[in-house]
Amino acid sequence: MPPAKAAKGADAGGEDGGPKSFARRNHLCDIADKAQAKWREEKIFETRAKYDADGRPLPKFLVTFPYPYMNGRLHLGHAYSLTKADFMTQYQLIKGVNALFPFGFHCTGMPIQVREAEPMETEAAATNAEVAVEKKGKGKKSKLVAKTGGNVVRQWDIMKMMVPEDEISAFTDPLQWLKYFPPHGKADLERFGAAVDWRRSFITTAVNPYYDSFIRWQFNTLKANDKVRFGKRANVYSTLDGQVCADHDRASGEGVGPQEYTLIKLRVLELKGRLNQLAGKDVYLAPATLRPETMYGQTNCFVLPEGVYGAYEWADGSVMIMSARGAKGLAHQGFAKEWGKVECLIPDLTGQELIGLPLSAPNATYDVVYTLPLLTISMGKGTGVVTSVPSDAPDDYAALKELKEKPQFREKFGLTDEMVMPFDVVPIINIPGYGNMSAEVMCEKLKIKSCKDVDKLKAAKEEVYLKGFYEGVMEVGPYAGDKVCDAKPKIRQEMIEAGQALPYYEPESTVMSRSGDECIVALTDQWYLPYGEEAWVKQVSEHVNSSNFTAYSQSALDKFNFTLGWLKEWACTRLFGLGTRLPWDETWVIESLSDSTIYMAYYTVAHLLHGHDNLDGITKPSPCNMAPEQFTDAVWDYIFLSRPMPSACSTDANVKATLEEMRGEFEYWYPMDLRCSAKDLIPNHLTMALYNHASIWKDRPELWPKGYWTNGHILVDAEKMSKSKGNFLMLNECIERFSADATRFACANAGDSLLDANFEVATANNAIITLTKEEEWFKATLEALKTDQLRTGPLEFFMDRAFDNEMNRLIAKTEDNYTRMMWREGLQGGFFEMQLLRDSYRDWCSRTGTAMHAGLTTRFIEVQTVILAPICPHFCEFVWGELLGKTGSVLRAGWPAAGAVDVWTSSAFLFLQKSLRNFRNTVGKSKTPPTKGQVLVAMEYPQWKKETLLYLQSVPKTESGAFPDDFMAGLRAFAAQKNFDKKQQQGLMQFAAFVRAQYDEAGPSALDVTLPYDQRAVLEENLEYARSALALEVLTIHIVGEDGCPGNERLWQLTSPGHPVIVAA
């Protein structure tokens, strides 16, 4: 691997235009090494259940992060999401809370290995190597391939990013992945400064017999609660792997489930061409539709002229014409003579051969419809055959209209007029606002001219289909008068029972397995978890929408509620792969999303099972001195479900004490206070964890998760990470390139919402410079303190008091942001605003010739160090111990005490800062540098403005505290009532708009008729500072309305309380 201090990538240095220096970055790396050594020695992240002298549990905080899948080393995407958990852990530690952040490694699932036919022995041999599973076959893009630039990246290239080249060939053994990557993951996270109790770390699968026992207990418990069932279910399935393809087994398509279609049987009334060899058989074209209730409006059927189809025979003797892809899916759904085997009687039929076929369409108004061409059909969706309902499908309407209007188009495909022209649109559904010809209405509304208007057609389809389903009313058929949403399932079932249709499933969108197989949907005998069951959903829904759970944002909560509305039965086993065998049927292996739903409880006792560097539980003797086989279901019941201790355990004093300690640890740490994750786990893992907690601890809802934080994905310089773009960053590379703290700084600054965040390389590089320059200032200031160069005594100046007061405000502001998981805002207030505050104070001292106050500067250094520590712990540990000479760790320092914020002082300080900024702008616009300045100050408003402010105070505000949108209308009525003169009325709206803008920025204080501070006193005390800052020779202050005030009425009108103006000459 590259050396820890390798000089690679863009970095700090070269500020004088010379060669780049990495001394600053390397210094931060050295600091990190020392801090981590200190933390290891002091075991600062190792903790246990703690109680006070009276036996009451001390405050605790359990934070977890979904354990990463160990098919490679950790990358920046992992690091970004993980920082949310780590920042919170370190913040809680600083506050004196007993915080625990455990971390495991997920190895369950389809083992990743290279095909035996192309072993990874040399780079040349790896040129065409592909990721595969125990069943080998042709591979496509793995998830990591997709993330690293697609086609141009070979498996060898990917492995070289993570593994020394001479070791790659060992990864043909699946267990090598388990042995290699988890220890590297641990090492990378330690170097990153993660506050993890590594004694509690472990890997999954049967390789770890303790975890294996835990998962077996979990599933036995679920089965006892009737939450594991068996039957044929539709599941996303890989034919290459020969089993269900769950989310964690996929290279792409996570969260995609089966979608239910209806396969309509359009009987071919007259065979022609190669189809004549099917004489005597029932032959059908088989379109798949999501809208069986619209079959009353069929006017024709569409095929793709250059599409490739086949005639397939099924178990009932019928022959259906469809794409090979559709036939493959149908063969795995119980309709083939032999499950999974397609029987193609006529292969390679072109769509052109099918055009013009006469068909009998079930439920259609027309006795005969014809097969017509449609050039926009996707052969990768459905069966490649499309039934046409132009009344309600904009695509169908546009296509039929085009065929009718273009005789040359009909002639090109050999169509006669009788196949097209007699078929008028058949109204079948009435939609309020759209009538019974919604497709025609939308095509005219969006000015759709042909099938080539793809984007417009998509928008039209989405609008019509949604409105049609929820608001449409049937006009034809036995369910005329019923809403479409009520009639649809009845019509579908009747068509299936009548032999006119079949149920058919396929994935909602493309799913690729890790083995490179495009998945289908198969009906398989399957153990499944009945997610979506009414009573179970109700339990979970009530919890997430209660005060006992926080999703930290309404948008995240909405996503959980949406998932609870659609997530249904979930296949929880597979036939092979790494994992835990199903306890009562060991032919099955529990899949990777199902063995990762309550392992947070396992963390509470894992330190007693594993300990340091014992991920599998058997590399070293277990700290608990109990063998894995001793952990029976009854033992786990005792630990986690408060059931009686098995008699065989209670008679052994050592075992009894161990199990009592384990139960105590669980009862202390649970429930989990916070789980941090990327948003893509909401539709699966995070919601499934809620379901499983609600079942396992069904009688103790107080043990269910208390909070989930979810965030968007990470971009690098506003682009998706990709090796081909040179911006795919592994975690170890980031640490080497920027240092751990600069990487953490840039992650904190990247963003916190569900929107994708942006990791800026420039921010990481600037952080290197900023932190090291801050260290230099700290050193210089502390040296000045030692040599009595700083002022002591009372805080005699306004800027002293303002500096102290603003620190109090920013401490409180940062604490609020950290508590709300707003790390970017926390960094803004706790670092950037703190820096500006310090710089402002330092500038004032310098310009006025006043020494900085010793107590204030020392307080600043200490406060800045502590509140930045959750984000940059290594740097802050160095400052705390090496520079400030403090004992213990900065992570045990306690949150800085913030005195009461004096709002008057804050307002006065803000007034001074804004006034100086406005003065600089005015002075800067002078054509020649001015030497004199006159500041005009208004001590009070004129009477009409006072009355306006009092009126604005009386206006009812919205729930968010803002002015209502229509408040200007009320203001006009107020002005008319007050009989303001014409000049005042002209200025009223402008003044009100100005005050409203000030109110949005500063809050209710903007509406005060008088100011809570003395403007004149603030400006006079800081007059020398202002004069120096403005580079003027003379600066004077004048009160509007007093004798000798320069200017004129127009200029005086520009001033108002809190908003002085300057005249420079």
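The model is predicted. The chain has 1065 residues, and 56% of them count as buried. Its secondary structure comprises 34 helices and 33 strands. Along the principal axes, the C-alpha atoms fill a box of roughly 110 × 90 × 60 Å. The accessible surface comes to about 43200 Å², with 51% of it belonging to carbon and sulfur atoms. Of the contacts between residues at least 6 apart in sequence, 76% join residues at least 24 apart.

Which strand order does the open sheet of 4 strands have? The order is β2-β1-β27-β28, and the pairing is parallel. Strands β2 and β28 form the edges, each pairing on one side only. On average, neighbouring strands of this sheet are turned by 20 degrees against each other, direction ignored. In general, strands of a sheet pair through backbone hydrogen bonds.

The parallel pairing of β27 with β28 runs over 4 bridges. Within this pair, A678 has N711 of β28 as its bridge partner.

Helix α2 packs on the sheet and touches β1, β2, β27 and β28. The direction of α2 makes about 170 degrees with that of β1. The residue ranges are listed here.

| Element | Residues |
|---|---|
| Strand β1 | 60-64 |
| Helix α2 | 76-94 |
| Strand β2 | 98-100 |
| Strand β27 | 674-678 |
| Strand β28 | 708-711 |

Note on methods. Residues are numbered from 1 along each chain as its sequence is written. This is a predicted model: local features need pLDDT of at least 70, side-chain atom pairs count only at pLDDT 80 or more; totals for chains, interfaces and linings use all residues. Side-chain values use heavy atoms; hydrogens and water are left out. Two strands pair if DSSP finds at least two bridges between them. Helices (H or I, at least four residues) and strands (E, at least two) are DSSP runs, numbered from the N terminus. Axes are lines fitted to C-alpha atoms, for helices over the stretch in contact, and angles run from 0 to 180 degrees between N-to-C directions. Contact means heavy atoms within 4.5 Å. Buried means under 20% relative accessible area, exposed over 50%, partly exposed in between (1.4 Å probe, protein chains only). Accessible areas come from the Shrake-Rupley method with a 1.4 Å probe; for residues, only the protein chains shown count as cover.
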